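This report describes how one protein chain is folded and how its parts pack together. Please consult the sequence and structure shown here while reading.

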Amino acid sequence: MPYITSAERFGIEKGRQQGLQQGLQQGLQQGEVALLQRQLSRRFGPLPDAVRARLTSASIDQLETWAIRVLDAESLNEVFDQRE
């Protein structure tokens, strides 16, 4: 078994923590995308591919903004409207 210095051990642990954090962020984003897709589909019918792509590439903050807008929007355009 090779010897691992304390600096290497620290680097390995830091890498694990960063990987875990990234995994949690990705999981959160994927969950928000899935929920918002269901909400939008239920309210406005089948979603165009462009909308699905936009949701998939959005940040968590943007997804949360759209999730709030879907409550009052009368159309898909109102959900994604940049004015405000």
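## Elements of the chain

The chain contains 4 helices and 0 strands. The model is a predicted one.

## Overall dimensions

Along the principal axes, the C-alpha atoms of the chain occupy a box of roughly 65 × 25 × 20 Å. The radius of gyration of the chain is 19 Å, whereas a compact globule of 84 residues would have a value near 12 Å.

Of the 84 residues in the chain, 23% are buried. Among contacts in the chain with a separation of 6 or more, 60% are accounted for by residues 24 or more positions apart.

## Helix 1 against helix 2

Helix 1 packs with helix 2 (residues 49-57) at an angle of about 150°, and their axes are 9 Å apart. Helix 1 is therefore roughly antiparallel to helix 2, since angles over 145 degrees are counted in that way. The crossing of helix 1 and helix 2 is right-handed. On the side of helix 1, the contact is made by Gln29, Val33, Leu36, Gln37, Leu40 and Ser41; on the side of helix 2, Arg52, Leu55, Thr56 and Ser57 take part. Sorted by class, this contact of helix 1 with helix 2 comprises 4 nonpolar, 5 polar and 1 charged residues.

Glutamine 37 belongs to helix 1. Is glutamine 37 buried or exposed? Its relative accessibility is 18%, so glutamine 37 counts as buried, the cut-off being under 20%. Leaving aside residues up to four places away in sequence, glutamine 37 touches Leu47, Arg52 and Leu55. Glutamine 37 and arginine 52 are 15 residues apart in sequence, and their C-alpha atoms are 7.4 Å apart in space.

## Helix 1 against helix 3

The axes of helix 1 (residues 6-44) and helix 3 (residues 60-69) come within 10 Å and cross at roughly 25°. Helix 1 and helix 3 are therefore roughly parallel to each other, as angles under 35 degrees are classed this way. The crossing of helix 1 and helix 3 is left-handed.

Which residues of helix 1 and helix 3 meet? From helix 1 come Gln25, Leu28, Gln29, Glu32, Val33, Leu36 and Gln39, and from helix 3 come Ile60, Leu63, Glu64, Trp66 and Ala67. By class, the contact of helix 1 with helix 3 holds 7 nonpolar, 3 polar and 2 charged residues.

## Buried residues of helix 3

Within helix 3, the residues Ile60, Leu63, Trp66 and Arg69 are buried. The buried residues of helix 3 pack against helix 1, helix 2 and helix 4 (76-80).

Aspartate 49 lies in helix 2. With a relative accessible area of 64%, aspartate 49 is exposed, because the exposed class begins over 50%. Aspartate 49 and phenylalanine 10 are 39 residues apart along the chain, and 44 Å separates their C-alpha atoms.

Threonine 5 is located in the segment before helix 1. Threonine 5 has a relative accessibility of 31% and so counts as partly exposed.

Conventions: Residues are numbered from 1 along each chain as its sequence is written. This is a predicted model: local features need pLDDT of at least 70, side-chain atom pairs count only at pLDDT 80 or more; totals for chains, interfaces and linings use all residues. Side-chain values use heavy atoms; hydrogens and water are left out. Axes are lines fitted to C-alpha atoms, for helices over the stretch in contact, and angles run from 0 to 180 degrees between N-to-C directions. Helices (H or I, at least four residues) and strands (E, at least two) are DSSP runs, numbered from the N terminus. Angles under 35 degrees count as roughly parallel, over 145 as roughly antiparallel, 65 to 115 as roughly perpendicular and the rest as oblique. A crossing is left-handed if the near helix is turned anticlockwise from the far one by less than a right angle, and right-handed if clockwise. Contact means heavy atoms within 4.5 Å. Ala, Val, Leu, Ile, Met, Phe, Trp, Tyr, Cys and Pro count as nonpolar, Asp, Glu, Lys and Arg as charged, and the others, Gly among them, as polar. The radius of gyration is taken over C-alpha atoms; the globule rule is 2.2 Å times the number of residues to the power 0.38. Buried means under 20% relative accessible area, exposed over 50%, partly exposed in between (1.4 Å probe, protein chains only).
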